[in-house]
Amino acid sequence: MSLQRRRERYIVMHMWKILHGVTSNDLDVQFTSNPRLGILAKVPSVRKKSALAHQTLYENSFSVMGPKLWNCIPSNIRAITKHESFKHPLTKFLLALPDKPPIRSFTPPNSNSILDWRSICSLGWSATLMACRVSANLIIGIIGR
């Protein structure tokens, strides 16, 4: 697992701890429950009037990245209430996604974030992990030519 993927895994696990009250919620991350989509985190909006550099910093902060990553995880994994029971399915899910970290002097197909693989695999998580791998390999094959 790449360093970036490990960091994203840690962020998702920290979001789980915030949801279940294991750690403090200093950033006031808010969760909503939807019968169809499961437990979702509210992604705070950015002020469009602020400088572009400040918008980028804000988009990369934990208070924004955490909810975005949390919402990418399948609802059946987000619904798990025991921490040890949560870690294994989360890791299994992340290992099923393509993990292609950027290599110096090569143009990567994306930033290798879970968020980017979600956009490539827009058919849905449950039935398309195999299709996602095929798509990623095709993209990498096209770029590698």
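Q: Where is Ser2 placed, and why is Ser2 called buried?
A: In this predicted model, Ser2 lies in the segment before H1. Its relative accessible area is 11%, and buried means under 20%, so Ser2 is counted as buried.

Q: Which residues is Ser2 in contact with, once its neighbours within four places in sequence are left aside?
A: Ser2 is in contact with Asp99, Pro101 and Asn112, where contact means heavy atoms within 4.5 Å. As for Pro102, 100 residues separate Ser2 from Pro102 in sequence, while their C-alpha atoms are 9.8 Å apart in space.

Q: What makes Thr91 count as buried, and what does Thr91 touch?
A: Thr91, which is placed in helix H5, has a relative accessibility of 18%, and because buried means under 20%, Thr91 counts as buried. Not counting residues up to four places away in sequence, Thr91 touches Met1 and Arg9. Met1 is 90 residues from Thr91 in sequence, and the C-alpha to C-alpha separation of the two in space is 9.6 Å.

Q: Is Asp28 buried or exposed, and how do you know?
A: Asp28 is found in the loop between H1 and strand S1 (31-34). Its relative accessibility is 53%, and exposed means over 50%, so Asp28 counts as exposed. The phi angle of Asp28 is near 55 degrees, a positive value in a residue other than glycine.

Q: Why are H1 and H3 called roughly perpendicular?
A: Two packed helices are described by the angle between their axes and the distance between the axes. For helix H1 (residues 3-19) and helix H3 (residues 62-72), the axes come within 9 Å and cross at roughly 90 degrees. Angles of 65 to 115 degrees count as roughly perpendicular, and H1 and H3 are therefore described in that way.

Q: Which residues of H1 and H3 meet, and what is the make-up of that contact by class?
A: On the H1 side the residues are Glu8, Ile11, Val12, His14, Met15, Trp16, Ile18 and Leu19, and on the H3 side they are Phe62, Gly66, Pro67, Leu69 and Trp70. By class, the contact of H1 with H3 has 10 nonpolar, 2 polar and 1 charged residues.

Q: Which residues touch the most other members of the largest nonpolar core, and which helices supply this core?
A: The largest nonpolar core has 22 residues, and those touching the most other members are Val12, Leu69, Trp70, Phe86 and Leu90. At least two residues of this core come from each of H1, H3, helix H5 (83-96) and helix H6 (114-120), and H1 gives the most, with 6 residues. In soluble globular proteins, nonpolar side chains tend to be buried together.

Q: What does Leu69 touch, not counting residues up to four places away in sequence?
A: Leu69 touches Glu8, Ile11 and Val12, and also Ser113, Ile114 and Leu115.

Q: How many helices and strands does the protein have, and how much of the protein counts as buried?
A: The secondary structure comes to 7 helices and 2 strands, which follow the pattern α-β-β-α-α-α-α-α-α along the sequence. Of the 145 residues, 33% count as buried, and the protein exposes about 9200 Å², of which carbon and sulfur atoms supply 58%. Among contacts between residues at least 6 apart in sequence, 59% join residues at least 24 apart.

Note on methods
Residues are numbered from 1 along each chain as its sequence is written. This is a predicted model: local features need pLDDT of at least 70, side-chain atom pairs count only at pLDDT 80 or more; totals for chains, interfaces and linings use all residues. Side-chain values use heavy atoms; hydrogens and water are left out. Axes are lines fitted to C-alpha atoms, for helices over the stretch in contact, and angles run from 0 to 180 degrees between N-to-C directions. Helices (H or I, at least four residues) and strands (E, at least two) are DSSP runs, numbered from the N terminus. Angles under 35 degrees count as roughly parallel, over 145 as roughly antiparallel, 65 to 115 as roughly perpendicular and the rest as oblique. Ala, Val, Leu, Ile, Met, Phe, Trp, Tyr, Cys and Pro count as nonpolar, Asp, Glu, Lys and Arg as charged, and the others, Gly among them, as polar. Buried means under 20% relative accessible area, exposed over 50%, partly exposed in between (1.4 Å probe, protein chains only). Accessible areas come from the Shrake-Rupley method with a 1.4 Å probe; for residues, only the protein chains shown count as cover. A nonpolar core is a set of buried Ala, Val, Leu, Ile, Met, Phe, Trp, Tyr and Cys residues joined through side-chain atoms within 4.5 Å.
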